Amino acid sequence: MKFAQKTALVTGSGTGIGKVIAIAFVEQGASVIILGRRKEPLVEAASELQEIIDRNQSGASVRIFPGVDVSSESSISKMYSTLKNDGVTIDYIVNNAGVSGPVTCFPNANMDDFVGTVAIHLTGTFWGSVCGLQCMRSGGKIITISTFFTEERPLEQRPYRFRGPYTASQGAKNRLAEAMSWELVDEGIISIATNPGPVHSDRIYKTVYPKAAAEFMRVGGFEGLTPQQVEEANSHILPLLGEDESVIKSGIDSAAGTLNVDADILDRLLQKIQSIAEKVQKNTSHMIADRQFLSQRQVAETVLNLCDDTIGKIVNGKVIPGDRVFYPVRPHVGNRVPPVAVNYSNGCVVMVVDPTGEADAQRVSTLAQHITESGGNVVLLLPESTPEPISEALSKYHSHRTDLDDVTQLRRWFGTAAQKMGKVHAIIHLTGDMPDVDKITQMKRVEWDGLVDKFINRPAKTAQEALEYFVPGGGADPRKFVGADGSVLIVGPELPRGRKVSGAQRAKVEIFRGGLRPFTTTINQELSDVLKSNVRVFTVLPGTTSGSEPDHAKIVRALDYSVSDDAHHSGEVIFNVDESR
(Lines give C-alpha, C1' and ligand atoms only; values in the text may rest on other atoms or scores of the structure.)
Protein backbone atom coordinates (compact mmCIF):
# COMPACT_ATOMS: atom_id res chain seq x y z
CA MET A 1 0.00 0.00 0.00
CA LYS A 2 2.69 2.44 -1.07
CA PHE A 3 0.20 5.25 -1.75
CA ALA A 4 -2.00 4.80 1.32
CA GLN A 5 -3.37 8.08 2.65
CA LYS A 6 -2.63 9.71 -0.73
CA THR A 7 -5.09 11.06 -3.29
CA ALA A 8 -4.65 10.98 -7.07
CA LEU A 9 -6.73 12.87 -9.62
CA VAL A 10 -6.68 11.35 -13.11
CA THR A 11 -8.27 13.13 -16.07
CA GLY A 12 -10.01 11.14 -18.80
CA SER A 13 -10.26 8.20 -16.44
CA GLY A 14 -13.55 6.53 -17.32
CA THR A 15 -11.91 4.26 -19.89
CA GLY A 16 -8.57 3.34 -21.43
CA ILE A 17 -5.22 4.39 -20.03
CA GLY A 18 -6.76 6.76 -17.48
CA LYS A 19 -8.89 4.02 -15.96
CA VAL A 20 -5.94 1.65 -15.72
CA ILE A 21 -3.87 4.36 -14.00
CA ALA A 22 -6.67 4.85 -11.48
CA ILE A 23 -6.78 1.08 -10.87
CA ALA A 24 -3.02 1.00 -10.26
CA PHE A 25 -3.34 3.80 -7.71
CA VAL A 26 -6.13 2.16 -5.69
CA GLU A 27 -4.29 -1.17 -5.73
CA GLN A 28 -1.52 0.69 -3.89
CA GLY A 29 -3.92 2.17 -1.35
CA ALA A 30 -4.58 5.60 -2.86
CA SER A 31 -7.92 7.36 -3.05
CA VAL A 32 -8.77 8.50 -6.55
CA ILE A 33 -10.76 11.23 -8.22
CA ILE A 34 -11.86 10.30 -11.72
CA LEU A 35 -13.48 12.60 -14.27
CA GLY A 36 -14.56 12.76 -17.86
CA ARG A 37 -17.29 13.92 -20.19
CA ARG A 38 -19.45 10.78 -20.05
CA LYS A 39 -21.11 9.64 -16.84
CA GLU A 40 -21.74 5.97 -17.65
CA PRO A 41 -18.08 4.89 -18.05
CA LEU A 42 -17.16 6.78 -14.88
CA VAL A 43 -19.87 5.03 -12.87
CA GLU A 44 -18.71 1.65 -14.16
CA ALA A 45 -15.07 2.48 -13.44
CA ALA A 46 -15.94 3.70 -9.93
CA SER A 47 -17.69 0.40 -9.18
CA GLU A 48 -14.62 -1.56 -10.29
CA LEU A 49 -12.32 0.66 -8.27
CA GLN A 50 -14.47 0.33 -5.16
CA GLU A 51 -14.32 -3.47 -5.44
CA ILE A 52 -10.52 -3.29 -5.32
CA ILE A 53 -10.62 -0.96 -2.31
CA ASP A 54 -13.03 -3.26 -0.46
CA ARG A 55 -10.95 -6.32 -1.27
CA ASN A 56 -7.77 -4.67 0.00
CA GLN A 57 -9.53 -3.05 2.96
CA SER A 58 -7.43 0.04 2.34
CA GLY A 59 -10.03 2.54 3.51
CA ALA A 60 -9.49 4.58 0.34
CA SER A 61 -12.28 6.31 -1.57
CA VAL A 62 -13.43 6.95 -5.11
CA ARG A 63 -15.02 10.17 -6.24
CA ILE A 64 -16.34 10.90 -9.71
CA PHE A 65 -16.92 14.15 -11.57
CA PRO A 66 -18.95 13.45 -14.72
CA GLY A 67 -19.56 15.99 -17.44
CA VAL A 68 -16.12 17.53 -17.03
CA ASP A 69 -14.42 18.57 -20.25
CA VAL A 70 -10.80 19.45 -19.45
CA SER A 71 -10.87 22.22 -22.05
CA SER A 72 -13.77 23.92 -20.24
CA GLU A 73 -12.68 26.72 -17.93
CA SER A 74 -15.86 26.63 -15.88
CA SER A 75 -16.13 22.87 -15.35
CA ILE A 76 -12.50 22.47 -14.24
CA SER A 77 -12.71 25.55 -12.01
CA LYS A 78 -15.95 24.35 -10.44
CA MET A 79 -14.56 20.86 -9.79
CA TYR A 80 -11.46 22.12 -8.00
CA SER A 81 -13.46 24.68 -6.03
CA THR A 82 -15.68 21.86 -4.80
CA LEU A 83 -12.67 19.77 -3.81
CA LYS A 84 -11.05 22.71 -2.03
CA ASN A 85 -14.24 23.54 -0.14
CA ASP A 86 -14.45 19.90 0.92
CA GLY A 87 -10.94 20.06 2.32
CA VAL A 88 -9.48 17.57 -0.17
CA THR A 89 -5.71 17.50 -0.60
CA ILE A 90 -4.52 16.15 -3.94
CA ASP A 91 -1.10 14.56 -3.98
CA TYR A 92 -0.95 13.60 -7.66
CA ILE A 93 -2.52 15.13 -10.75
CA VAL A 94 -2.26 12.96 -13.85
CA ASN A 95 -2.99 14.88 -17.07
CA ASN A 96 -4.17 12.01 -19.25
CA ALA A 97 -7.28 13.24 -21.09
CA GLY A 98 -6.92 13.52 -24.84
CA VAL A 99 -8.54 13.07 -28.23
CA SER A 100 -7.30 11.96 -31.62
CA GLY A 101 -8.30 15.21 -33.28
CA PRO A 102 -8.74 15.41 -37.04
CA VAL A 103 -6.76 12.64 -38.77
CA THR A 104 -6.34 14.22 -42.19
CA CYS A 105 -3.96 16.35 -44.23
CA PHE A 106 -3.74 19.81 -42.72
CA PRO A 107 -5.26 21.60 -45.75
CA ASN A 108 -8.36 19.45 -45.28
CA ALA A 109 -8.57 19.77 -41.49
CA ASN A 110 -11.53 21.54 -39.95
CA MET A 111 -10.09 24.52 -38.08
CA ASP A 112 -12.66 24.28 -35.29
CA ASP A 113 -11.48 20.72 -34.71
CA PHE A 114 -7.88 21.97 -34.77
CA VAL A 115 -8.59 24.57 -32.09
CA GLY A 116 -10.58 22.05 -30.06
CA THR A 117 -7.75 19.51 -30.12
CA VAL A 118 -5.28 22.10 -28.87
CA ALA A 119 -7.76 23.16 -26.19
CA ILE A 120 -8.09 19.63 -24.82
CA HIS A 121 -4.44 18.56 -24.93
CA LEU A 122 -2.58 21.78 -24.16
CA THR A 123 -5.03 24.09 -22.44
CA GLY A 124 -6.63 21.19 -20.57
CA THR A 125 -3.22 20.33 -19.16
CA PHE A 126 -2.49 23.95 -18.29
CA TRP A 127 -5.78 24.79 -16.64
CA GLY A 128 -6.16 21.45 -14.89
CA SER A 129 -2.69 21.83 -13.40
CA VAL A 130 -3.01 25.49 -12.44
CA CYS A 131 -6.43 25.07 -10.81
CA GLY A 132 -5.21 21.92 -9.08
CA LEU A 133 -2.47 23.83 -7.27
CA GLN A 134 -5.04 25.18 -4.82
CA CYS A 135 -5.54 21.62 -3.56
CA MET A 136 -1.87 20.59 -3.54
CA ARG A 137 0.90 20.92 -0.97
CA SER A 138 4.65 20.47 -0.93
CA GLY A 139 5.52 17.03 -2.21
CA GLY A 140 2.72 17.03 -4.79
CA LYS A 141 3.40 15.86 -8.31
CA ILE A 142 1.91 16.73 -11.71
CA ILE A 143 2.40 13.97 -14.27
CA THR A 144 1.59 14.85 -17.89
CA ILE A 145 1.16 12.12 -20.51
CA SER A 146 2.29 13.21 -23.96
CA THR A 147 3.55 11.54 -27.15
CA PHE A 148 6.90 10.35 -28.46
CA PHE A 149 6.17 12.00 -31.80
CA THR A 150 7.16 15.46 -30.58
CA GLU A 151 10.46 14.69 -28.88
CA GLU A 152 13.49 16.03 -30.68
CA ARG A 153 16.90 14.61 -31.35
CA PRO A 154 19.62 17.06 -32.42
CA LEU A 155 18.67 18.79 -35.67
CA GLU A 156 15.52 16.78 -36.28
CA GLN A 157 11.80 16.95 -35.54
CA ARG A 158 9.42 14.07 -35.74
CA PRO A 159 6.54 14.49 -38.17
CA TYR A 160 3.26 12.69 -37.51
CA ARG A 161 1.38 13.05 -40.76
CA PHE A 162 -2.34 13.76 -40.66
CA ARG A 163 -2.01 14.86 -37.01
CA GLY A 164 -1.11 18.58 -37.23
CA PRO A 165 -3.11 19.87 -34.23
CA TYR A 166 -2.17 16.82 -32.18
CA THR A 167 1.57 17.33 -32.68
CA ALA A 168 1.36 21.09 -32.12
CA SER A 169 -0.44 20.69 -28.79
CA GLN A 170 1.67 17.75 -27.64
CA GLY A 171 4.94 19.50 -28.44
CA ALA A 172 3.83 22.54 -26.48
CA LYS A 173 2.57 20.30 -23.67
CA ASN A 174 6.00 18.73 -23.18
CA ARG A 175 7.56 22.15 -22.89
CA LEU A 176 4.75 23.27 -20.54
CA ALA A 177 5.62 20.43 -18.17
CA GLU A 178 9.20 21.67 -18.16
CA ALA A 179 8.17 25.29 -17.58
CA MET A 180 5.95 24.31 -14.65
CA SER A 181 8.85 22.49 -13.01
CA TRP A 182 10.84 25.74 -12.92
CA GLU A 183 7.97 27.76 -11.49
CA LEU A 184 6.76 25.29 -8.85
CA VAL A 185 10.08 24.21 -7.40
CA ASP A 186 9.87 26.72 -4.53
CA GLU A 187 6.48 25.26 -3.59
CA GLY A 188 7.92 21.76 -3.51
CA ILE A 189 5.71 20.57 -6.37
CA ILE A 190 7.20 18.43 -9.11
CA SER A 191 6.20 18.46 -12.80
CA ILE A 192 7.16 15.60 -15.14
CA ALA A 193 5.99 14.57 -18.60
CA THR A 194 6.08 11.03 -19.92
CA ASN A 195 6.02 9.94 -23.55
CA PRO A 196 5.21 6.23 -23.36
CA GLY A 197 5.33 5.56 -27.09
CA PRO A 198 2.73 3.44 -28.91
CA VAL A 199 0.26 1.87 -26.50
CA HIS A 200 -2.29 -0.86 -27.07
CA SER A 201 -5.62 0.98 -27.03
CA ASP A 202 -8.95 1.14 -28.83
CA ARG A 203 -8.15 4.67 -29.97
CA ILE A 204 -5.05 3.70 -31.90
CA TYR A 205 -6.55 0.56 -33.46
CA LYS A 206 -10.12 1.74 -34.09
CA THR A 207 -9.55 5.42 -34.79
CA VAL A 208 -6.03 6.65 -35.53
CA TYR A 209 -4.67 3.90 -37.78
CA PRO A 210 -7.90 3.34 -39.74
CA LYS A 211 -8.43 7.06 -40.25
CA ALA A 212 -4.84 7.49 -41.37
CA ALA A 213 -5.30 4.61 -43.83
CA ALA A 214 -8.54 6.19 -45.04
CA GLU A 215 -6.73 9.49 -45.61
CA PHE A 216 -4.13 7.71 -47.74
CA MET A 217 -6.99 6.42 -49.88
CA ARG A 218 -8.58 9.88 -50.14
CA VAL A 219 -5.30 11.36 -51.33
CA GLY A 220 -4.25 8.50 -53.58
CA GLY A 221 -7.68 7.74 -55.02
CA PHE A 222 -9.49 4.43 -55.35
CA GLU A 223 -11.07 2.76 -58.37
CA GLY A 224 -12.25 5.93 -60.08
CA LEU A 225 -13.81 7.57 -57.03
CA THR A 226 -13.09 11.24 -56.49
CA PRO A 227 -11.40 12.28 -53.23
CA GLN A 228 -14.72 13.68 -52.04
CA GLN A 229 -16.46 10.37 -52.78
CA VAL A 230 -13.75 8.43 -50.97
CA GLU A 231 -14.03 10.70 -47.94
CA GLU A 232 -17.80 10.37 -47.83
CA ALA A 233 -17.58 6.59 -48.28
CA ASN A 234 -15.04 6.37 -45.47
CA SER A 235 -17.38 8.13 -43.07
CA HIS A 236 -19.89 5.34 -43.67
CA ILE A 237 -17.66 2.27 -43.73
CA LEU A 238 -14.92 2.97 -41.17
CA PRO A 239 -17.22 2.23 -38.20
CA LEU A 240 -17.70 -1.27 -39.67
CA LEU A 241 -14.10 -2.31 -39.01
CA GLY A 242 -13.94 -5.10 -36.45
CA GLU A 243 -17.64 -5.96 -36.72
CA ASP A 244 -19.10 -9.35 -37.66
CA GLU A 245 -19.19 -10.25 -41.33
CA SER A 246 -22.97 -9.92 -41.48
CA VAL A 247 -22.84 -6.43 -39.92
CA ILE A 248 -20.15 -5.38 -42.40
CA LYS A 249 -22.15 -6.62 -45.40
CA SER A 250 -25.31 -4.92 -44.22
CA GLY A 251 -23.45 -1.68 -43.55
CA ILE A 252 -21.75 -1.69 -46.93
CA ASP A 253 -25.03 -2.38 -48.73
CA SER A 254 -26.64 0.51 -46.88
CA ALA A 255 -23.74 2.86 -47.67
CA ALA A 256 -23.76 1.79 -51.33
CA GLY A 257 -27.42 2.73 -51.62
CA THR A 258 -26.90 6.06 -49.91
CA LEU A 259 -23.83 7.00 -51.95
CA ASN A 260 -24.95 5.42 -55.23
CA VAL A 261 -21.68 3.46 -55.39
CA ASP A 262 -21.22 -0.21 -56.19
CA ALA A 263 -21.13 -2.27 -52.98
CA ASP A 264 -18.16 -4.31 -54.24
CA ILE A 265 -16.10 -1.12 -54.55
CA LEU A 266 -16.88 -0.17 -50.95
CA ASP A 267 -16.05 -3.67 -49.79
CA ARG A 268 -12.65 -3.52 -51.51
CA LEU A 269 -12.07 -0.01 -50.14
CA LEU A 270 -12.69 -1.22 -46.60
CA GLN A 271 -10.35 -4.17 -47.08
CA LYS A 272 -7.67 -1.84 -48.44
CA ILE A 273 -8.04 0.51 -45.48
CA GLN A 274 -7.71 -2.40 -43.06
CA SER A 275 -4.62 -3.64 -44.89
CA ILE A 276 -2.92 -0.22 -44.76
CA ALA A 277 -3.81 0.24 -41.07
CA GLU A 278 -2.21 -3.11 -40.25
CA LYS A 279 0.86 -2.17 -42.26
CA VAL A 280 1.23 1.12 -40.38
CA GLN A 281 1.01 -0.75 -37.10
CA LYS A 282 3.62 -3.28 -38.24
CA ASN A 283 5.99 -0.58 -39.49
CA THR A 284 5.73 1.26 -36.18
CA SER A 285 6.46 -1.88 -34.19
CA HIS A 286 9.67 -2.38 -36.19
CA MET A 287 10.93 0.95 -34.80
CA ILE A 288 10.91 -0.54 -31.28
CA ALA A 289 13.67 -2.79 -29.97
CA ASP A 290 11.36 -5.54 -28.75
CA ARG A 291 8.75 -4.73 -31.42
CA GLN A 292 6.09 -4.46 -28.75
CA PHE A 293 3.65 -1.66 -28.04
CA LEU A 294 3.30 -0.93 -24.34
CA SER A 295 0.28 -2.21 -22.48
CA GLN A 296 -1.93 0.27 -20.67
CA ARG A 297 -0.80 -1.35 -17.44
CA GLN A 298 2.84 -0.58 -18.27
CA VAL A 299 1.94 3.07 -18.76
CA ALA A 300 0.20 3.04 -15.39
CA GLU A 301 3.30 1.54 -13.75
CA THR A 302 5.40 4.29 -15.34
CA VAL A 303 3.13 6.95 -13.87
CA LEU A 304 3.23 5.42 -10.39
CA ASN A 305 7.01 5.15 -10.54
CA LEU A 306 7.25 8.84 -11.41
CA CYS A 307 5.10 9.58 -8.36
CA ASP A 308 7.74 8.01 -6.14
CA ASP A 309 9.35 10.74 -4.03
CA THR A 310 12.96 9.74 -4.79
CA ILE A 311 12.45 9.20 -8.51
CA GLY A 312 10.29 12.31 -8.83
CA LYS A 313 13.03 14.54 -7.42
CA ILE A 314 15.59 13.01 -9.78
CA VAL A 315 13.56 13.53 -12.96
CA ASN A 316 11.70 16.74 -12.06
CA GLY A 317 11.23 18.83 -15.21
CA LYS A 318 12.14 15.99 -17.56
CA VAL A 319 10.23 14.29 -20.36
CA ILE A 320 10.43 10.54 -19.64
CA PRO A 321 11.44 8.37 -21.37
CA GLY A 322 13.88 10.25 -23.58
CA ASP A 323 13.04 7.83 -26.35
CA ARG A 324 11.83 4.29 -26.82
CA VAL A 325 10.96 4.39 -30.49
CA PHE A 326 13.75 4.72 -33.06
CA TYR A 327 11.90 6.88 -35.54
CA PRO A 328 14.31 7.68 -38.38
CA VAL A 329 13.58 11.02 -40.02
CA ARG A 330 15.50 13.45 -42.16
CA PRO A 331 16.99 16.54 -40.53
CA HIS A 332 14.38 19.29 -40.32
CA VAL A 333 16.10 21.90 -38.15
CA GLY A 334 18.94 24.09 -39.39
CA ASN A 335 20.64 27.34 -38.48
CA ARG A 336 22.68 28.45 -41.50
CA VAL A 337 20.36 29.59 -44.27
CA PRO A 338 21.99 29.40 -47.71
CA PRO A 339 22.22 32.84 -49.34
CA VAL A 340 20.18 33.19 -52.53
CA ALA A 341 19.29 36.11 -54.79
CA VAL A 342 15.55 36.70 -55.21
CA ASN A 343 13.74 39.19 -57.41
CA TYR A 344 10.39 40.24 -55.94
CA SER A 345 9.43 42.47 -58.87
CA ASN A 346 6.01 42.11 -60.48
CA GLY A 347 4.62 40.75 -57.26
CA CYS A 348 4.20 41.14 -53.54
CA VAL A 349 4.64 39.54 -50.14
CA VAL A 350 1.72 39.52 -47.71
CA MET A 351 2.68 39.81 -44.06
CA VAL A 352 0.19 38.88 -41.34
CA VAL A 353 1.57 40.63 -38.26
CA ASP A 354 0.50 39.95 -34.66
CA PRO A 355 2.91 42.34 -32.90
CA THR A 356 3.81 42.45 -29.23
CA GLY A 357 6.38 45.23 -29.06
CA GLU A 358 9.13 47.27 -30.67
CA ALA A 359 11.26 44.29 -31.70
CA ASP A 360 8.38 42.98 -33.83
CA ALA A 361 8.07 46.32 -35.61
CA GLN A 362 11.80 46.25 -36.34
CA ARG A 363 11.54 42.75 -37.83
CA VAL A 364 8.65 43.78 -40.04
CA SER A 365 10.41 46.93 -41.17
CA THR A 366 13.59 45.02 -42.05
CA LEU A 367 11.65 42.47 -44.07
CA ALA A 368 9.46 45.05 -45.79
CA GLN A 369 12.40 47.27 -46.71
CA HIS A 370 14.25 44.32 -48.24
CA ILE A 371 11.22 43.31 -50.32
CA THR A 372 10.62 46.83 -51.66
CA GLU A 373 14.32 47.32 -52.41
CA SER A 374 14.17 44.06 -54.38
CA GLY A 375 11.39 45.43 -56.56
CA GLY A 376 8.41 43.96 -54.77
CA ASN A 377 5.40 45.28 -52.92
CA VAL A 378 4.42 44.64 -49.31
CA VAL A 379 0.96 44.26 -47.82
CA LEU A 380 0.75 44.29 -44.02
CA LEU A 381 -2.30 42.86 -42.27
CA LEU A 382 -2.40 44.14 -38.71
CA PRO A 383 -4.85 43.39 -35.91
CA GLU A 384 -7.38 46.05 -35.07
CA SER A 385 -5.80 46.38 -31.61
CA THR A 386 -2.31 47.23 -32.90
CA PRO A 387 -0.70 49.78 -30.53
CA GLU A 388 -0.27 53.23 -32.06
CA PRO A 389 3.55 53.32 -31.76
CA ILE A 390 3.80 50.12 -33.82
CA SER A 391 1.32 51.41 -36.38
CA GLU A 392 3.33 54.61 -36.68
CA ALA A 393 6.58 52.68 -37.12
CA LEU A 394 5.04 50.72 -40.01
CA SER A 395 3.03 53.56 -41.55
CA LYS A 396 5.27 53.87 -44.63
CA TYR A 397 4.13 50.46 -45.84
CA HIS A 398 0.78 49.49 -47.34
CA SER A 399 -1.23 48.13 -44.41
CA HIS A 400 -4.76 47.19 -43.40
CA ARG A 401 -6.40 46.56 -40.05
CA THR A 402 -8.28 43.28 -39.89
CA ASP A 403 -9.43 40.51 -37.57
CA LEU A 404 -6.64 37.93 -37.68
CA ASP A 405 -8.99 35.28 -36.30
CA ASP A 406 -11.43 35.71 -39.18
CA VAL A 407 -10.19 33.41 -41.93
CA THR A 408 -12.66 34.82 -44.45
CA GLN A 409 -10.99 38.22 -44.12
CA LEU A 410 -7.54 36.68 -44.55
CA ARG A 411 -8.75 34.88 -47.67
CA ARG A 412 -10.15 38.09 -49.11
CA TRP A 413 -6.98 40.08 -48.44
CA PHE A 414 -4.75 37.42 -50.04
CA GLY A 415 -6.87 37.56 -53.18
CA THR A 416 -7.01 41.35 -53.21
CA ALA A 417 -3.23 41.60 -52.89
CA ALA A 418 -2.77 39.35 -55.91
CA GLN A 419 -5.29 41.30 -57.98
CA LYS A 420 -3.76 44.70 -57.26
CA MET A 421 -0.06 43.93 -56.82
CA GLY A 422 0.66 40.82 -58.85
CA LYS A 423 1.96 37.41 -57.90
CA VAL A 424 2.10 36.65 -54.19
CA HIS A 425 5.64 35.35 -53.72
CA ALA A 426 5.15 34.42 -50.08
CA ILE A 427 2.78 34.78 -47.16
CA ILE A 428 4.44 35.52 -43.82
CA HIS A 429 2.91 35.21 -40.36
CA LEU A 430 4.80 36.95 -37.55
CA THR A 431 3.55 35.74 -34.17
CA GLY A 432 5.19 38.53 -32.24
CA ASP A 433 7.31 37.96 -29.15
CA MET A 434 6.26 36.53 -25.82
CA PRO A 435 4.68 39.27 -23.70
CA ASP A 436 6.02 39.91 -20.21
CA VAL A 437 4.69 37.13 -18.01
CA ASP A 438 5.87 36.66 -14.45
CA LYS A 439 4.73 33.07 -14.03
CA ILE A 440 2.71 30.89 -16.38
CA THR A 441 1.26 29.04 -13.40
CA GLN A 442 -0.23 32.28 -12.05
CA MET A 443 -1.90 33.38 -15.28
CA LYS A 444 -5.61 33.89 -15.65
CA ARG A 445 -7.35 31.65 -18.13
CA VAL A 446 -8.15 34.50 -20.52
CA GLU A 447 -4.46 35.44 -20.61
CA TRP A 448 -3.44 31.87 -21.38
CA ASP A 449 -6.05 31.55 -24.11
CA GLY A 450 -4.63 34.70 -25.67
CA LEU A 451 -1.16 33.14 -25.81
CA VAL A 452 -2.45 29.92 -27.38
CA ASP A 453 -4.31 31.90 -30.03
CA LYS A 454 -1.30 34.12 -30.68
CA PHE A 455 1.34 31.42 -31.01
CA ILE A 456 -0.53 28.32 -32.21
CA ASN A 457 -4.07 28.87 -33.50
CA ARG A 458 -3.52 32.06 -35.52
CA PRO A 459 -0.35 30.85 -37.28
CA ALA A 460 -2.23 27.66 -38.15
CA LYS A 461 -5.19 29.61 -39.54
CA THR A 462 -2.91 31.81 -41.63
CA ALA A 463 -1.00 28.76 -42.89
CA GLN A 464 -4.17 26.94 -43.88
CA GLU A 465 -5.61 29.95 -45.69
CA ALA A 466 -2.26 30.51 -47.41
CA LEU A 467 -2.30 26.90 -48.64
CA GLU A 468 -5.83 27.42 -49.92
CA TYR A 469 -4.68 30.57 -51.72
CA PHE A 470 -1.71 28.84 -53.39
CA VAL A 471 -3.77 25.72 -54.22
CA PRO A 472 -7.45 26.72 -54.52
CA GLY A 473 -9.69 23.79 -53.60
CA GLY A 474 -6.70 21.67 -52.61
CA GLY A 475 -8.12 20.82 -49.22
CA ALA A 476 -11.08 18.98 -50.71
CA ASP A 477 -9.20 17.71 -53.76
CA PRO A 478 -5.59 16.82 -52.85
CA ARG A 479 -4.76 16.06 -56.48
CA LYS A 480 -4.46 19.80 -57.06
CA PHE A 481 -1.41 19.98 -54.79
CA VAL A 482 0.73 17.84 -57.10
CA GLY A 483 3.57 20.04 -58.43
CA ALA A 484 2.03 23.26 -57.05
CA ASP A 485 4.28 26.04 -55.72
CA GLY A 486 3.99 28.44 -52.81
CA SER A 487 5.84 29.60 -49.69
CA VAL A 488 4.52 30.24 -46.20
CA LEU A 489 6.88 31.57 -43.55
CA ILE A 490 6.05 31.63 -39.83
CA VAL A 491 8.30 33.82 -37.69
CA GLY A 492 7.89 32.68 -34.11
CA PRO A 493 8.73 34.32 -30.79
CA GLU A 494 12.39 35.04 -30.07
CA LEU A 495 14.24 33.68 -27.05
CA PRO A 496 14.83 36.14 -24.19
CA ARG A 497 17.72 38.55 -24.56
CA GLY A 498 20.33 39.31 -21.93
CA ARG A 499 23.48 37.98 -20.26
CA LYS A 500 21.64 36.41 -17.34
CA VAL A 501 18.57 34.75 -18.80
CA SER A 502 17.15 32.15 -16.44
CA GLY A 503 15.94 28.71 -17.41
CA ALA A 504 12.46 29.73 -16.29
CA GLN A 505 12.45 32.65 -18.76
CA ARG A 506 13.51 30.46 -21.66
CA ALA A 507 11.07 27.70 -20.68
CA LYS A 508 8.07 30.02 -20.99
CA VAL A 509 8.92 30.93 -24.58
CA GLU A 510 9.80 27.35 -25.44
CA ILE A 511 6.23 26.24 -24.72
CA PHE A 512 5.11 27.85 -27.94
CA ARG A 513 8.27 27.38 -29.95
CA GLY A 514 7.85 23.74 -28.96
CA GLY A 515 4.39 23.75 -30.51
CA LEU A 516 5.48 25.37 -33.79
CA ARG A 517 8.32 22.93 -34.45
CA PRO A 518 6.39 19.63 -34.70
CA PHE A 519 3.49 21.42 -36.40
CA THR A 520 5.80 22.73 -39.13
CA THR A 521 7.48 19.37 -39.61
CA THR A 522 4.21 17.46 -39.79
CA ILE A 523 2.61 19.82 -42.30
CA ASN A 524 5.64 19.69 -44.57
CA GLN A 525 5.81 15.92 -44.57
CA GLU A 526 2.21 15.91 -45.76
CA LEU A 527 2.95 18.50 -48.44
CA SER A 528 6.06 16.80 -49.78
CA ASP A 529 5.63 13.05 -49.21
CA VAL A 530 1.86 12.67 -49.33
CA LEU A 531 0.58 15.48 -51.55
CA LYS A 532 3.68 15.57 -53.83
CA SER A 533 3.64 19.35 -53.70
CA ASN A 534 6.34 22.02 -53.86
CA VAL A 535 4.38 24.25 -51.47
CA ARG A 536 6.20 24.58 -48.15
CA VAL A 537 5.56 26.02 -44.69
CA PHE A 538 8.77 27.25 -43.04
CA THR A 539 9.29 28.44 -39.48
CA VAL A 540 11.99 30.82 -38.24
CA LEU A 541 12.74 30.97 -34.52
CA PRO A 542 14.84 34.05 -33.70
CA GLY A 543 17.19 34.49 -30.75
CA THR A 544 19.78 32.33 -29.06
CA THR A 545 20.00 30.22 -25.93
CA SER A 546 22.86 32.48 -24.81
CA GLY A 547 20.62 35.57 -24.88
CA SER A 548 22.49 37.29 -27.72
CA GLU A 549 20.91 40.09 -29.73
CA PRO A 550 19.03 38.67 -32.75
CA ASP A 551 19.91 39.71 -36.28
CA HIS A 552 16.78 40.60 -38.26
CA ALA A 553 18.76 40.41 -41.50
CA LYS A 554 18.99 36.66 -41.03
CA ILE A 555 15.20 36.42 -41.18
CA VAL A 556 15.44 38.25 -44.50
CA ARG A 557 17.83 35.56 -45.71
CA ALA A 558 15.34 32.89 -44.58
CA LEU A 559 12.56 34.61 -46.52
CA ASP A 560 14.67 34.71 -49.68
CA TYR A 561 15.57 31.07 -49.28
CA SER A 562 11.94 30.06 -48.66
CA VAL A 563 10.85 31.32 -52.09
CA SER A 564 13.79 29.73 -53.92
CA ASP A 565 13.63 26.44 -55.76
CA ASP A 566 16.31 24.94 -53.53
CA ALA A 567 14.19 25.28 -50.40
CA HIS A 568 11.32 23.30 -51.85
CA HIS A 569 13.50 20.23 -52.29
CA SER A 570 15.19 20.35 -48.88
CA GLY A 571 14.14 18.69 -45.65
CA GLU A 572 15.13 21.69 -43.55
CA VAL A 573 12.02 23.72 -42.80
CA ILE A 574 12.80 25.12 -39.32
CA PHE A 575 15.60 27.64 -38.90
CA ASN A 576 17.19 28.84 -35.66
CA VAL A 577 18.78 31.65 -37.64
CA ASP A 578 20.69 33.31 -34.81
CA GLU A 579 22.32 30.20 -33.37
CA SER A 580 25.95 29.75 -34.41
CA ARG A 581 25.84 25.95 -34.28
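With which side chain does the side chain of Ser71 make a polar contact?

Guide: In this predicted model, the partner is Asp69, whose side chain makes a polar contact with the side chain of Ser71 at 2.8 Å. To place Ser71 in the chain, one may look to the loop that lies between strand 3 (62-66) and helix 3 (73-85). Ser71 has a relative accessible area of 18%, so the residue counts as buried, a term that applies under 20%. Leaving aside residues up to four places away in sequence, Ser71 touches Ala119, Ile120 and Arg445.

From this residue we may turn to the wider setting. The largest nonpolar core consists of 119 residues, and those with the most contacts inside it are Tyr80, Met351 and Ile440. Helix 15 (residues 445-470) gives the most to this core, namely ten residues. Met351 touches, among others, Val364, Leu367, Ile371 and Leu430, again not counting residues up to four places away in sequence. Apart from this core lies another, of 36 residues, including Ile23 and Ala300.

There is also open space to consider. The largest pocket holds about 1,100 Å³ of space. Its lining is made up of 44 residues, and Asn96, Ala97, Gly98, Val99 and Arg203 lie nearest the centre. Helix 6 gives the most to this lining, with five residues. Sorted by class, the lining of the largest pocket has 20 nonpolar, 17 polar and seven charged residues.

Note on methods:
Residues are numbered from 1 along each chain as its sequence is written. This is a predicted model: local features need pLDDT of at least 70, side-chain atom pairs count only at pLDDT 80 or more; totals for chains, interfaces and linings use all residues. Side-chain values use heavy atoms; hydrogens and water are left out. On a 1 Å grid over the protein atoms alone, a cavity is a set of points where a 1.4 Å probe fits but cannot get out, and a pocket is an open set with protein on both sides within 12 Å along at least five of seven lines; lining residues have an atom within 4 Å of a point. Grid points are joined across faces, edges and corners, and a volume is the space filled by probe spheres set on the points. Helices (H or I, at least four residues) and strands (E, at least two) are DSSP runs, numbered from the N terminus. Ala, Val, Leu, Ile, Met, Phe, Trp, Tyr, Cys and Pro count as nonpolar, Asp, Glu, Lys and Arg as charged, and the others, Gly among them, as polar. A nonpolar core is a set of buried Ala, Val, Leu, Ile, Met, Phe, Trp, Tyr and Cys residues joined through side-chain atoms within 4.5 Å. Buried means under 20% relative accessible area, exposed over 50%, partly exposed in between (1.4 Å probe, protein chains only). Contact means heavy atoms within 4.5 Å. A polar contact is a pair of N or O atoms within 3.5 Å; within protein, one must be able to donate a hydrogen and the other to accept it, and residues adjacent in sequence count only if both atoms are side-chain atoms.
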